[in-house]
Every structure is written in C-alpha cells, then in structure tokens.
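This briefing is meant for someone meeting the structure for the first time. Please look over the sequence and the model before reading on.

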Amino acid sequence: MSSESELDDPKLGLVKEGGGVEQWTSLIDSIDAALKNNFSEYETANFLSLPPFVVALNARLNYVLERVAKAQVKDTVGDAKALFERVLVMLGRFHDYVRNNIETLTQYRDFAHKIRVRTMTLSRQPFITFDTRMRDHIRDMFRIARENETRLEDVWQGTDLINHSRFRTAFDEFMELTEKIKLEDDYAHWRLMFHSQDILHDAFAGLHIPSAAFSIRADLFNDRRRPTYIDYSCQSREYLYGHGDRPGVLYLKETLGGPITEEEREGMDAAKRQGKKRPAPADEPQPAPVVGYTMTLDNAEADIDDVYSDAKYKGRHARPVDRLVTPTATNREDTLRNYKAEIIKRLKRFEQAYFKSDTPPATQAEREQMMTALSIGIGELRINIRAVNPKRNNTNGIWKEARINTIGLKYLRSLHMKLLLSSEPPPTQDKLVRNLIDRIDDWILFEEIWTGADQNTIRLQRTSETTKAHLRRFVTQRTTNINKWRTFRTELENILAGNAPLPGGDGNEPAPNPPEVEEAEQAPDPDDLPWAVRRGMPPRRRDPNEIPFHYLRPHRPSRTVYFNERQEKRERERMLERAKRRALGPRLPGEVDELEEEYAREDAIIAKVAATFAKGGPPHFEQIPTEGVFDKLVYMIVLSQWRHYNGRPLLDIM
C-alpha cells in the first residue's frame, strides 16, 4: 500500500523525466480512465482508500500538465498541442469531481491540505500563463482547499499542536534568519521583517491551518490594543494573560482553538478587568463632551454622492455639502476633469466587485459578508496609498495614482458605512465607534495625499504665483480639516475607553446587545456564515486602520546585488540640485536645503530602527520557551510582530 510519505512524491508512478509523447499519452489515458470511473479502482491501484488515490492522481495530472505545456511550445507536428488541450479539459473535470464529492474526500483528514500544497506548487510554475484555464483551475482548487481547511479543534493533540515536517522546516528556517540576513542597512531590516512574516505563513500552512494566520488580531500600532508580548518580558504576567484590551499569549492559544484551563481563564479575566481600572479621581478634570461626530444612513449615502460628483458620474454634478458630516476640502476642477475617465473606470470596477450603491445586499448575512469583503479592499487600498510618501517629490504619475486611490478609498468606506448603518439589528455602540474611527482615518489619509500633491506643485519653479496662492488655500483648508478630525478621533477613543457617551443623532442611537435568547432566535443559517466561521475560526473584525500584520505591502527592495539604489537616487537628486544652483545662483542667506533636511530625517529613522533591531526582540526573548509545537509558533509570532512593529517607520521612507 502507498504510504503518506510516498504521496508527497510528485512523481509517484510517473514516467521518467523528459518522457516523450507516447509516455505522456499513456499517463493521460490512465488519468482519463480514473476520471471516467470516478476513481473507483483505488484498491487495484494499491491504495487503502479513495482520497489518497485522488491526491496522487492530482500530482500526476499536474506533472503531465507541466511536461506537455512546455513541449507544446516547440511542437511542430501538433501531437503535444493536442495532448495539452486534452489535459486542460481534464483539469475542469478533476475540479468538478472534487467539488461534487468533497464530503467523502475530506473524511481523509489531510485531503484539503495536500490539495492545497500541490496547487501551490502548480501556481508557481511559469507555464500557467499559457492558457487562462490553468489560472482558473488554480483559483478554483485553492477555493476548495480553503473552504475545507482542517478544523482548529482537529490540529490539537491534548495541550499541544500536532507536529508536521513542514512546520519543523519553517521553524528551522525562521531560527536561521538572523544568521542569513546581516543587518547592515535599512534594506536588510526590511528583508528580515518580510521574510519573518513569509516564513510564519509557511508555518501555519505546515500545521494545515494557513487561514488561521488571518484570525490573529494584531493591532500593533494602537497603544490600547497592541499585544502585550510585543513589549513585555516573557517572565511577566502581562506577557501571558494580557492587560486590559491588550491580548497576551493565551489569546493566541484561544484563537487557535487550544485548550484554556479554568485558572488561565480567571487570569485572563482578571488582567482584562485590571487594565480597565482607573485611579480615584481627586481633582481630575472630566473629559470634554463629544462635539457631535456621528452618522446616519443619509450621511453615508451623501458620501457616495460626493464621490460621484467628483467624476460627474450618474448625473451627480454638485456636492451634497449640506448632508456631509465631514466634507473634504474642495479640489481643483481641472485636476478632477483630467482624472474623470479613470475615476469612472474604478467606480465601475468596484460596482462589479462589490455592489451598486442603489442595490445593496438584502439580508443581514449578505451584508456581513459584503462588509468583510469591503474591509479587505479598504485595507489593500490603504497599503497602496501609504506606499506614497506625501513629503517627497513624486512623479505626476505616482500622485495621480495615489489621488485616484484615495477617491476609491472614500467610495469603499462609504459603501461599508451604508451597510453598517443598514444593519438589522443596528450596530452596537462599540462597533459603530470603531467604524467611525476607521472612517475618520480614511478621510485624513485622503486630505494628506491631496495636500502632498498640491505642495509638490507649489515647490515647482514653473508654477505661477497665482496657482501657488490658489493651492495654498486648499492646503490650509485640508490642514484645518485634519486637525478637527483628529480631535473627533480622540473623543471617539475616549468613548471606547468608557470615558464619554456617544452623541445622539436623530434616532441613530446604537442598539444595546440583544439578550442571549433573542440572539439564538435570530441566528443565521450556518450555510450563510463566512467560510472561516464555518471552519471553526472565531469571527474577527478586519481592521484596515493600520497595515495588517499579515500583509506587508508587496515591495521589491530598491537595491540589486550591485548597488544601493537609495544612494544612487540621492546622488541623482544632488546632481540636479547642483545644476539648479549653477543656473539660479546660490541659496539666499538662511534658506533651508530641504533635500538634505529630508535625507537627515530619513537617516535618523534608519539609525533608530537599527538600534532597536540590534536588541533582537522584546525583553528576555531568548527565554521564550520553544519546547512544544505551540511554543515554537508563539516564538515566531512574537518575533515577527515585534520586527514589524519596530520596523514600521522604514515603510514610510522606502
């Protein structure tokens, strides 16, 4: 009988490397016969059960696809091309079989994991670009693997996670990172951050729960919710139990479905209560009342109309200023006119990907799923926008893309708020406040990018004084907006901390949590729930407010093996500055060299990050246990998040 280790061999029962058309035809015929017979001959093929046989045939199918795909490129007779077309048709048949028999196949515990591993290997091959059917097949197989991922309760054996060879490989690779990556400059620090996160994902995949990496909340840049294991010693109670709203290591264990003892539960509850205690107010000043930033459904729809008016889309030509809660500053008409076609193109793309504003999802389950999808889209847009440093002299193309992205960000956030405020029952106060904070952050980011672009234009020598004065008025208005909105944000944070009430707004008071009995009666059908919840993962709110830990923006380090591109860029900019000085004359007395000031700021950031990274990790990180599988995973999570948290300033200047 075939063993599990044999099933991991992609050439199980295959022809020799470089076989010809006859051998490929024979192999394809055997797979075709298995498909026609619904893989019923697994015992004849020396397999104990059906699922391992299907996994092995999947490996053979991927293997022969690779051989004929490469051969058909140079095929002059047409035999390989015909085989290639035949295999492409078989991909669809294989997917249909797996999808229709998934309940039977997943009785074999590792079926989804092995399908995912083989599909991942296939997805990395260059030949998949030859035909869109291969990419469609990869997408469909990934979806099956994801939706049938191993349940969290099934990856534990007693008090520890089940060990797997792929996890051990990932852990060993993680431990060797600091030896392989010498921290000589800022790009080395960035690579350490990126590879730490990348290997951590491999570790979760090695435990057969790749999606669990996304269930771990990591509000690294929020002082009230940042995990305690980022800055507390592993010898402290805070490291294990957390403090207030800041989670500790036991939060990781609970989130991953691990067993929590009664004593540990009591410790977590006590740490949460202790973090919320406040000293007795002697003559402590009371918090100022909230100025009234809240939203109604009409306000959210006005935000959507405001975006439409930027592109004169769907007949909206004037801004609905009287219905806007926090209107952004007016932008130049000629700029919006130049961007109109691209803005409309993006809006139509969003309507296809999510929904049209006048036809929102009808049921609450559909709203919840759509809000999750919108949160992911918002987070990705934030990452792309924050990749642009508003204080640098970026090209017109970069500014255009960033500004259009901010319009898209406003649109997706407005759709999200519309769904939230349409929820039945209405959102709780905590949920509403968190979303209002997210919205304010998006509006601030919008103003910062448009201000950066205008200031870049102001700095240009060719810009007329009239235009500069015009742009300065815009910049002043946006600065006023940002300062006011930051005040709103602080007040909302006070509400979350329990220091202030949420302002009323024409019946927009959030409903209290319904009683448990009512919750049970209103529970949605399990089939309507997101797949992650169905697979046993706790529901979580994706927070696009900051760059999520599990998604460092994809960024190629700006350096090849031959030179440091940062130094090259600086040299180019200095040469241009010297040429400008020769043409325009020396600087006036007291005039600041903005270029060198910017370099000095960047160098100070780099030096600060380097000094922090030299510590290696949080206090006493060398003493973090690594005996058990869960211990090893915790070590990787702690170090990865610590590196991301302390290396975050680098992302602003790269």
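This is a predicted model: local features need pLDDT of at least 70, side-chain atom pairs count only at pLDDT 80 or more; totals for chains, interfaces and linings use all residues.

Is His 620 buried, partly exposed or exposed? His 620 counts as partly exposed, because its relative accessible area is 36%, a value that lies between the 20% limit for buried residues and the 50% limit for exposed ones.

**The chain as a whole**

- The secondary structure of the chain is made up of 24 helices and two strands.
- The chain has 654 residues, of which 48% count as buried.
- The accessible surface of the chain amounts to about 32700 Å², and carbon and sulfur atoms hold 50% of that area.

- The crossing in which H18 passes H19 is left-handed, and the contact between H18 and H19 contains 17 nonpolar, five polar and twelve charged residues.
- Pro 425 is located in the loop between H17 and H18, and the peptide bond that leads from Glu 424 to Pro 425 is cis, with omega near 0°.

**Helices H4 and H7**

- The axes of H4 and helix H7, the latter formed by residues 132-147, come within 10 Å and cross at roughly 20°; H4 is therefore roughly parallel to H7, because angles under 35 degrees fall into that group.
- H4 passes H7 in a left-handed crossing.
- On the H4 side, the residues that meet H7 include Phe 84, Leu 88, Leu 91 and Phe 94, while the residues of H7 that meet H4 include Met 134, His 137, Met 141 and Ile 144.
- Sorted by class, the residues in the contact of H4 with H7 are eight nonpolar, two polar and four charged.

**Arg 93 in helix H4**

- Arg 93 belongs to helix H4, which spans residues 79-100, and with a relative accessibility of 30% Arg 93 counts as partly exposed.
- When residues up to four places away in sequence are not counted, Arg 93 touches Asp 32, Leu 35 and Lys 36.
- Arg 93 and Asp 32 are 61 residues apart in sequence, and their C-alpha atoms are 9.4 Å apart in space.

- Leu 595 is part of helix H23 and is classed as buried because its relative accessibility is 16%, which is under the limit of 20%.
- Apart from neighbours within four places in sequence, Leu 595 is in contact with Glu 573, Arg 574 and Glu 577.
- Ala 610 and His 189 lie 421 residues apart in sequence, whereas the distance from C-alpha to C-alpha is 7.5 Å.
- His 620, the residue of the opening question, is located in the loop between H23 and helix H24, the latter covering 629-653; although His 620 is not a glycine, its phi is positive, at about 60°.

**Phe 39 in a loop**

- Phe 39 is placed in the loop between helix H2 (21-36) and helix H3 (50-71), and it has a positive phi of about 60° although it is not a glycine.
- Phe 39 is classed as buried, because its relative accessible area is 0%.

Definitions and conventions:
Residues are numbered from 1 along each chain as its sequence is written. Side-chain values use heavy atoms; hydrogens and water are left out. A crossing is left-handed if the near helix is turned anticlockwise from the far one by less than a right angle, and right-handed if clockwise. Helices (H or I, at least four residues) and strands (E, at least two) are DSSP runs, numbered from the N terminus. Ala, Val, Leu, Ile, Met, Phe, Trp, Tyr, Cys and Pro count as nonpolar, Asp, Glu, Lys and Arg as charged, and the others, Gly among them, as polar. Buried means under 20% relative accessible area, exposed over 50%, partly exposed in between (1.4 Å probe, protein chains only). Accessible areas come from the Shrake-Rupley method with a 1.4 Å probe; for residues, only the protein chains shown count as cover. Contact means heavy atoms within 4.5 Å. Axes are lines fitted to C-alpha atoms, for helices over the stretch in contact, and angles run from 0 to 180 degrees between N-to-C directions. Angles under 35 degrees count as roughly parallel, over 145 as roughly antiparallel, 65 to 115 as roughly perpendicular and the rest as oblique.
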